[in-house]
Amino acid sequence: MADLSANFIGIKSPNPFWLASAPPTDKKYNVERAFEAGWGGVVWKTLGSEGPPIVNVSGPRYGAIWGADRRLLGLNNIELITDRPLEVNLQEIKEVKRKWKDRALVISLMVPCEETYWKDILKAIEDTEADGVELNFGCPHGMAERGMGSAVGQVPEYIEMVTRWVKQYSRMPCIVKLTPNVTSILPPAMAAKRGGADAVSLINTIKSITNVDLDSFSPFPMIDGKGSHGGYCGPAVKPIALNMTGEIARHQETRGLPISGIGGVTTWRDAAEFMAMGAGNVQVCTAAMTYGFKIVQEMISGLSQYLDEKQMSLNDLIGRAVPNFVEWQHLNLNYVTKAVINQDDCIKCGRCYAACEDTSHQAIAMSEDRTFTVKDDECVACNLCVNVCPVDNCITMKTLPEGALDERTGRKVGTYANWTTHPNNPSAHAAE
Amino acid sequence: MRPMTNSPLTPGIVPGRLPAAAYASNFGDHEPALDAHEARVAADRCYFCHDAPCITACPTDIDIPLFIRQIATGTPEAAAQTIWSQNILGGMCARVCPTETLCEQACVRETAEGKPVEIGRLQRFATDHAMAKGKQPFKRAARTGKRVAVVGAGPAGLACAHRLAVHGHDVVVLERRAKAGGLNEYGIASYKAAGGFAAREVEWLLEIGGIEVRTGVELGRDVTLDQLKAEYDAVFLGIGLAGVNALRAAGEELEGVRNAVDFIAELRQSTDLSKLPVGRDVVVIGGGMTAVDAAVQSKLLGAENVTIVYRRGQDKMSASGHEQDHAVQTGVRIIHNAAPVRVIGNGKAEAVEFAYTQDGPGGLKLSSETFTLKADQVFKAIGQTLAGQPKDLPVDGGKLAGAQATVWVGGDCAAGGEDLTVTAVAEGRDAAEAIHARLTGA
């Protein structure tokens, strides 16, 4: 069985699966249950400044969207940072860390953007023996209205400034948690790096309304007939998170900055994908909230099996896909594929036909007896038929070898060439 | 009063073989309705196929993917409307259709994984839900002043009458029996339409207005086709198959030998099943739905041994595989490839002697090898035939052949199509459209 022990910016854990700062990590009871189940680490739910605790709503905090059989696909929450007294949290963190020395325990922090607040909170957590801090610059709801959370994460200068304070007043490893509620994730990541962050973690939740009640006409979750936007998470946000992770991992200015991958990680496979895209570990919340802590056992067995089968170490996996994550202009425009329908597997539902005929390129023929075949002279290889086909691997894309005739264009498949040298590109330059 | 002491072992044809409570559970809903969540899950399995094979397989061409999507999106009323716009008896068809040989056989998930979308149960979910709201979903068009006579208040006649009423014509339905509904009311197993569903559906259907049902009126006895042709602008005949094939075996006249359809009709109309007599050893001869319905219900009434004997192989049985399985699960034995030679008994049936058969290119041959089954009750379920039809109508293959001038035909009495409720509905509906086109010159 592959060794899954991880060392993320000097923080060791028996596996790379951490629970993200969120409701599941709000108190000792939950965190100990998580450690008993096998989680490698937790980021304790965000602590605020000393003083009267945060107040949460007493109506619904979560909204959701579902797939078939009420499979939860996306969750949205309007819960704020911890609403328990600071001293209670600190005492519990200390107790848990003492008892579970082999597990990672990072404290998430969110205080106003003033130096003294950060200095004070860092001092307050000093003797908890926690392994590090994570700066919550991500939450898009509630706290952002008070100038914290994503309100900070959306301004690179603030990110840099606060990160500097943290590095100045603490020797703990510092992870900066980024908000995806920005036009580009790169400036915030660069700012964190400039401020001295040891790592970034992303993504925090996305501003969202899951649904509108069509009787009361209130957004959901509804509090007394009104709704406010929440933070979206769960399987639905994974594609957004993977892209942002990859953007940071590949950019020349942020390359090498350790990343803790977050956003819809539900299975070992999701975790492996985040790691291949550059994450050094992953953080999970919604999957645990949906299925309970036991899912980590599947993540452990699945990732081990995968690494064994690939004969890779965990470190071999990290960033493995990053060199293949390129900009569109560098894609090979002479790469030609055609859809192929396996007639033995086809169940004749005709979804490929409807999709292609109604919404794409009229490249699938349908016979009287419902045999569906691809017209190579019309197929642009868009892959829509593959995606809508209910049968796994029934429709596949066949790659035309160099020199073969593309019946659609009437041209032979050429060697690698991309947009930068394409004759239709006004700014094209000659191939070197 | 002496307590009821009959049991499954009591010899002869007697009532009350079971404890009183057993009847309600034995004859309750055979296949329970889906609840809202089950329906949502079942509906989610539909792939919403292009030009869906299930629609093609449905004799009434219900837009199945559309109604299932309407269930999946929380609008079963709209789903029911989609169903009823093609099949006004969609509620009954959801219960009695052999879906495994129609829509569900064509379902691509049957091809993919051997588990079709549960179309029949979903159809029932939608129609039950919408019927519970109690409103007839169709409105009549302005009255045309045209009058149409519909003979037979079975599925074909009712579908025809409803569609004619929708188009604004005035309809008079003539029914020889005491109640409307035809085989839905008299001819199918009780547990398939529990809770008086057939009668409720007829009542609901008639809410459209413009349809007058006259029961106890028989064509040929109380009224002639010529009279109807003279009095009405058009006539639709949906008279079903009133005749029953004879056994043509010695002893057929013995006491205890009976037509399965009569037994089923009596059972359906019984208000107290504990008073309905049934044999200890019941033999049902035939291989169709009627045979299965008679056999299973005999078993459910407490018969000790119930055997269906069919003269050909299992592959030739017209009862669906689902029906056969149900019979076997209920405890009915099915013997194939055997034909009755004679019913044995002195005044009353005591046994039936069968000869094994061989089904070859030259037809069915009886072998010399025979066996005998104990039988104090014998049900004949070897097919129904056209009977009582007006003499001057052309007959093709034992059935009425198509429309003649102002007379249209449909349902089991008409040539073409299988003898199924759903086929009858399609034929009645289509005849109504043809009549409407003729009457309005459309």
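Analyst: First, a term: pLDDT is the predictor's confidence in each residue, from 0 to 100. This is a predicted model; local features need pLDDT of at least 70, side-chain atom pairs count only at 80 or more, and totals for chains, interfaces and linings use all residues. Residues are numbered from 1 along each chain as written, chains are lettered from A and ligands numbered from 1 in written order, and side-chain values use heavy atoms, without hydrogens and water.

User: What is the mean pLDDT of chain B?

Analyst: Chain B averages 95, and 99% of its residues reach 70 or more. For the complex, the predictor gives an ipTM of 0.84 and a pTM of 0.89.

User: Where does M317(B) lie?

Analyst: In the loop between β8 (305–309) and α16 (321–330) of chain B. Helices (H or I, at least four residues) and strands (E, at least two) are DSSP runs, numbered from the N terminus.

User: Is M317(B) buried or exposed?

Analyst: M317(B) counts as buried because its relative accessibility is 8%. Buried means under 20%, exposed over 50%, partly exposed in between (1.4 Å probe, protein chains only).

User: Which residues does M317(B) touch?

Analyst: Beyond four places in sequence, M317(B) touches G287(B), Y310(B), Q324(B), I334(B) and H336(B). Contact means heavy atoms within 4.5 Å. G288(B) is 29 residues away in sequence, yet its C-alpha is 6.1 Å from that of M317(B).

User: New topic. How many helices and strands does chain B have?

Analyst: Chain B has 17 helices and 17 strands. Of its 442 residues, 53% count as buried.
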